[in-house]
Amino acid sequence: MLFRYELKKVLFTHKGLLILLTCLVLKSIFCVLMPELKDTRIALSHVQYDRFLVRFSGADSAEKQAMINEEYSNCVELIDSRDEMTRKYSRDDITEEEWNEYAERLSRAELQINALTIFKEKADQFIDQEEWLLPKAHYMYEYGWQTVFTIHLLPDLFLLAGLLFLAARCFSFEAEDGMLPILLTASRGRGQLCAAKIEVLALTAAITCGVGTLTEVLVFKNRGFLEGCSAPIYSITLFAEETAFDFSLGEGYALIMLIQGLTTVVLVLVIFALSLKIRSTVKLIFISAAILILGYLSRAVSMAFFAFTPTGLLSGSAFLKVLGRLFLHQNLTF
């Protein structure tokens, strides 16, 4: 009975449902409007990039490494010889036919060089990963996943703000309207009231995070960002260095969403616990902001320390990068 009463009060009396729906709408708009973090070099040779992607797509191999290096070297050689060939043509050291043939190959190389440079950089990254003794990374269109994981380098501020506001208002609302002393003087009032509020806040936070995650997945899937989710997580540039986890991109995404969700629930309950002593909404919101800001500032001291602060745990991609680095260093030590 008390649980239903508190749930109704949080969602309707405190306008919690309206606040959370607004936060979900803002999050959805952000996910829809967030531009894809695409390498600018693709814009200059997107047709060539797509063609090379068809050729090299899938797990890395010695054959693919050799083909990429050969194609890249040929392009660089053609471009570097432009001045010399121009001088030869001006001195009539080569025929018109030879010049036309060279000019055609040069034009093709200039179109391909940007795309090939991207694949060459990936090939070099994958060579460095060979000492990890993990499944081969994949050549893939990585920019959708890059965008998704880059967004999660920071906490989900939309949902976090709404949930922390509700937690801060949970007792202060009743303290302000004079009902709190009456509720606390009732028989077994304090224990039952606190338990009901904790259950309501935890459930509300968990469901909100779940709905937020589902909304994000649907938006990003519709935008084509989640293709190739079975590829190793270290296939994309964000995790290509020192993130030696035998996870797929999909598994890594699920893990950071789980970590962010659990941390959000815990932080909401911490703010609620503080509200038992601090009955001011403004002060509790200030404390919430201070916890997050101080956690973020700890990056300047140590990324390893930052990763295990509330802000670091809420910044799922950053946490995963640090954890992967620690995991790699431990494995290489043994």
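A residue is described as buried when its relative accessible area is under 20%, as exposed when that area is over 50%, and as partly exposed in between (1.4 Å probe, protein chains only). The structure is a predicted model, in which local features need pLDDT of at least 70 and side-chain atom pairs count only at pLDDT 80 or more, while totals for chains, interfaces and linings use all residues. Residues are numbered from 1 along each chain as its sequence is written, and side-chain values use heavy atoms, with hydrogens and water left out.

The cysteines are considered at the outset. A disulfide is a covalent bond between the sulfur atoms of two cysteines; the criterion applied here is a pair of cysteine sulfur atoms within 2.5 Å. By this criterion the structure holds 0 disulfides. C170 counts as buried because its relative accessibility is 0%, and its sulfur lies 9.1 Å from the closest cysteine sulfur, that of C194, which is too far for a bond. For C229 the closest cysteine sulfur belongs to C31 at 18 Å, again too far for a bond. C229 counts as partly exposed, with a relative accessibility of 41%.

Helix packing was examined next. Two packed helices are described by the angle between their axes and the distance between the axes. Helices (H or I, at least four residues) and strands (E, at least two) are DSSP runs, numbered from the N terminus. Axes are lines fitted to C-alpha atoms, for helices over the stretch in contact, and angles run from 0 to 180 degrees between N-to-C directions. Angles under 35 degrees count as roughly parallel, over 145 as roughly antiparallel, 65 to 115 as roughly perpendicular, and the rest as oblique. Contact denotes heavy atoms within 4.5 Å. In the residue classes, Ala, Val, Leu, Ile, Met, Phe, Trp, Tyr, Cys and Pro count as nonpolar, Asp, Glu, Lys and Arg as charged, and the others, Gly among them, as polar.

The axes of helix α4 (residues 46-56) and helix α5 (residues 62-80) come within 11 Å and cross at roughly 155°. This angle makes α4 roughly antiparallel to α5. On the α4 side the contact involves F52, R55 and F56, which meet K64, M67, I68 and E71 of α5. The contact of α4 with α5 comprises 4 nonpolar and 3 charged residues, with no polar ones.

Helix α4 also packs on α7, with axes that come within 8 Å and cross at roughly 45°; the two helices are therefore oblique to each other. The crossing of α4 over α7 is right-handed, where a crossing is left-handed if the near helix is turned anticlockwise from the far one by less than a right angle, and right-handed if clockwise. Q48, Y49, F52, L53 and F56 of α4 meet L111, Q112, A115, L116, I118 and F119 of α7. This contact of α4 with α7 divides into 9 nonpolar, 2 polar and no charged residues. S45 lies in the loop between α3 (40-44) and α4 and is buried at 1% relative accessibility. Beyond its neighbours within four places in sequence, S45 is in contact with L111, N114 and A115.

Helix α6 (residues 82-90) packs against helix α7 (residues 96-128) at about 160°, with their axes 11 Å apart, and the pair is therefore roughly antiparallel. The crossing of α6 and α7 is left-handed. The contact is formed by R82, M85, T86 and Y89 of α6 together with E96, W99, Y102, L106 and E110 of α7. By class, these residues are 5 nonpolar, 1 polar and 3 charged.

In helix α8 (residues 143-151), which contains Y143, 8 of the 9 residues are buried. Y143 itself counts as buried at 5% relative accessibility. Y143 and D39 are 104 residues apart in sequence, yet 7.7 Å apart in space, C-alpha to C-alpha. Not counting residues up to four places away in sequence, Y143 touches E36, L37, K38, D39, I42, Y49 and I118.

Most residues other than glycine have a negative phi. D92 has a positive phi, near 60°; D92 lies in the loop between α6 and α7 and is exposed, with a relative accessible area of 64%. Phi of L133 is likewise positive, near 55°. L133 is located in the loop between α7 and β2 (138-139) and is exposed at 76% relative accessible area.
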